[in-house]
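Work through the exercises below with the sequence and the model open. Try each task before you read its solution.

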Amino acid sequence: MIISCVKILLLASAILPLEAEGFPLRNSMTVREIYDKAVKMLEENGIADAEFDAMCIAEDTIGVRPLGVNMAAEVSGEKAAEVMRLAVQRSRGYPLQYLLGEWEFYGYRFKVGEGVLIPRPETETLVDTAVRLCRSRGL
């Protein structure tokens with residue numbers, strides 16, 4: 001009984017702030033509606049790659065890749081709330097890669113989270129340079 005109450009409180013605390021921030025959610029929304037709400041929230045909070053970040057969050061949460069193929073598809077209120085919960089965290093500066101829990105590096109997907117360095121494109125360039133240098137020296 002206590003565990004059920006805790007789950008309800010946690011769910012309510014995840015959804016209520018969204019409504020208070022002007023992002024009311026319905027029982028069912030289209031992919032387009034939830035994507036647009038996430039983009040708007042991210043843009044309003046100064047996230048430079050708002051469209052890309054919203055796409056990554058929505059694709060990961062909803063499970064549709066590429067997102068643009070199914071913009072008219074219905075999304076449950078639960079999935080919509082999860083997309084918006086992650087968008088709120090991202091809008092507060094939390095790294096996208098940590099929200100998703102994984103990120104691609106050098107053609108491989110790696111698990112990432114707090115305490116793990118986030119793979120960056122610049123690091124791939126560094127690896128390419130190191131590989132070329134090693135090969136040129138016969139290593």
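**Exercise 1. A glutamate and its partners**

Does Glu102 count as buried, partly exposed or exposed, and at what relative accessibility?

Solution. Start with the basis. This is a predicted model: local features need pLDDT of at least 70, side-chain atom pairs count only at pLDDT 80 or more, and totals for chains, interfaces and linings use all residues. Residues are numbered from 1 along each chain as its sequence is written, and side-chain values use heavy atoms, with hydrogens and water left out.

Next, the cut-offs. Buried means under 20% relative accessible area, exposed over 50%, and partly exposed in between (1.4 Å probe, protein chains only). Glu102 has 23% relative accessibility, so Glu102 counts as partly exposed.

Now find the partner. Glu102 forms a salt bridge with Arg109, with 3.0 Å between the closest N and O atoms. A salt bridge here is a side-chain nitrogen of Lys or Arg within 4 Å of a carboxyl oxygen of Asp or Glu. Arg109 is also partly exposed, at a relative accessible area of 48%.

Then widen the view. Arg109 sits in strand β4 (residues 108-111). Strands (E, at least two residues) and helices (H or I, at least four) are DSSP runs, numbered from the N terminus. Leaving out residues up to four places away in sequence, Arg109 touches Glu102, Trp103 and Glu104. Contact means heavy atoms within 4.5 Å. Salt bridges link Glu102, Glu104 and Arg109 in a network.

**Exercise 2. How α2 packs**

At what angles do the axes of α2 cross those of α4 and α3?

Solution. First, the convention. Axes are lines fitted to C-alpha atoms, for helices over the stretch in contact, and angles run from 0 to 180 degrees between N-to-C directions. Angles under 35 degrees count as roughly parallel, over 145 as roughly antiparallel, 65 to 115 as roughly perpendicular, and the rest as oblique.

Helix α2 (residues 31-44) and helix α4 (residues 77-91) have axes that come within 9 Å and cross at roughly 15°. That makes α2 roughly parallel to α4. In the contact, Ile34, Lys37, Ala38, Met41 and Leu42 of α2 meet α4 residues including Val83, Met84 and Arg90.

For helix α3 (residues 50-62), the axis comes within 9 Å of that of α2, and the crossing is at roughly 135°. That makes α2 oblique to α3. Among the α2 residues meeting α3 are Tyr35, Val39 and Glu43, while the α3 side includes Asp53, Met55 and Ile62. The contact residues divide into ten nonpolar, no polar and three charged. Here Ala, Val, Leu, Ile, Met, Phe, Trp, Tyr, Cys and Pro count as nonpolar, Asp, Glu, Lys and Arg as charged, and the others, Gly among them, as polar.
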